[in-house]
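Please look over the sequence and the model below before reading on. The briefing that follows takes up the overall fold, the packing of helices and the nonpolar core.

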Amino acid sequence: RQEGLQEGLQEGEKRALLEVLDARGLEVDAEARQRILECTRPAQLKSWLRRAVTAKSVQELFARAPAASRSTSRGAKKRGRAKGPRGA
């Protein structure tokens, strides 16, 4: 049962990712669509979905972010959450 739930969640992430790309007018070629649909790593799908919101192209979606910007953005998020609602 748990395995079926995980598969369903992954399928939902894939559909959401394709929907965001479509809504933003980004063309998803057959190769990119296949790459998305064949992905079985939940963390990768989540990463792509988050990046799809601001990516200028599907190629940018798949490009790896530099290690420095990945760690910087994570640190900023953690610091922002610790400050509380007013940033104090």
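Which residues of the largest nonpolar core touch the most other members? In this predicted model, that core holds 15 residues, and those that touch the most other members are Leu17, Leu21, Ile36, Trp48, Val58, Leu61 and Phe62. Two or more residues of this core come from each of H1, helix H2 (30-38), H3 and helix H4 (58-62).

**Overall fold**

- The chain contains 5 helices and 0 strands, and its pattern, when read along the sequence, is α-α-α-α-α.
- Of the chain's 88 residues, 20% count as buried.
- When contacts between residues at least 6 apart in sequence are considered, 58% of them join residues that are at least 24 apart.

**Packing of H1 against H3**

- Helix H1, which spans residues 2-23, and helix H3, which spans residues 42-52, have axes that come within 9 Å and cross at roughly 20 degrees.
- Because angles under 35 degrees count as roughly parallel, H1 and H3 are therefore roughly parallel to each other, and H1 passes H3 in a left-handed crossing.
- On the H1 side of this contact are Gln10, Glu13, Lys14, Ala16, Leu17, Val20 and Leu21, which meet Pro42, Leu45, Lys46, Trp48, Leu49 and Ala52 on the H3 side.

**Leucine 21**

- Leucine 21 is one of the H1 residues that meet H3, and Leu21 is also among the core residues that touch the most other members.
- Once its neighbours within four places in sequence are left aside, leucine 21 is in contact with Leu26, Val28, Ile36, Ala52, Val58 and Leu61.

**Phenylalanine 62**

- Phenylalanine 62 lies in helix H4, and its relative accessible area is 15%; because buried means under 20% relative accessible area, phenylalanine 62 is classed as buried.
- If residues up to four places away in sequence are not counted, phenylalanine 62 touches Ala32, Arg35, Ile36 and Trp48.
- Phenylalanine 62 and isoleucine 36 are 26 residues apart in sequence, while in space they are 9.8 Å apart, C-alpha to C-alpha.
- Among these partners, Ile36 and Trp48 are touched by phenylalanine 62, and both Ile36 and Trp48 are listed with Phe62 among the core residues that touch the most other members.

Note on methods: Residues numbered from 1 in each chain as written. Predicted model: local features only at pLDDT ≥ 70, side-chain atom pairs only at ≥ 80, totals over all residues. Heavy atoms only, no water. Axes fitted to C-alpha atoms, helices over the stretch in contact; angles between N-to-C directions. Helix = DSSP H or I, 4+ residues; strand = E, 2+ residues; numbered from the N terminus. Parallel < 35°, antiparallel > 145°, perpendicular 65-115°, else oblique. Left-handed = near helix turned anticlockwise from the far one by under 90°. Contact = heavy atoms within 4.5 Å. Core = buried A, V, L, I, M, F, W, Y, C linked by side-chain atoms within 4.5 Å. Buried < 20%, exposed > 50% of the residue type's maximum accessible area, 1.4 Å probe, protein only.
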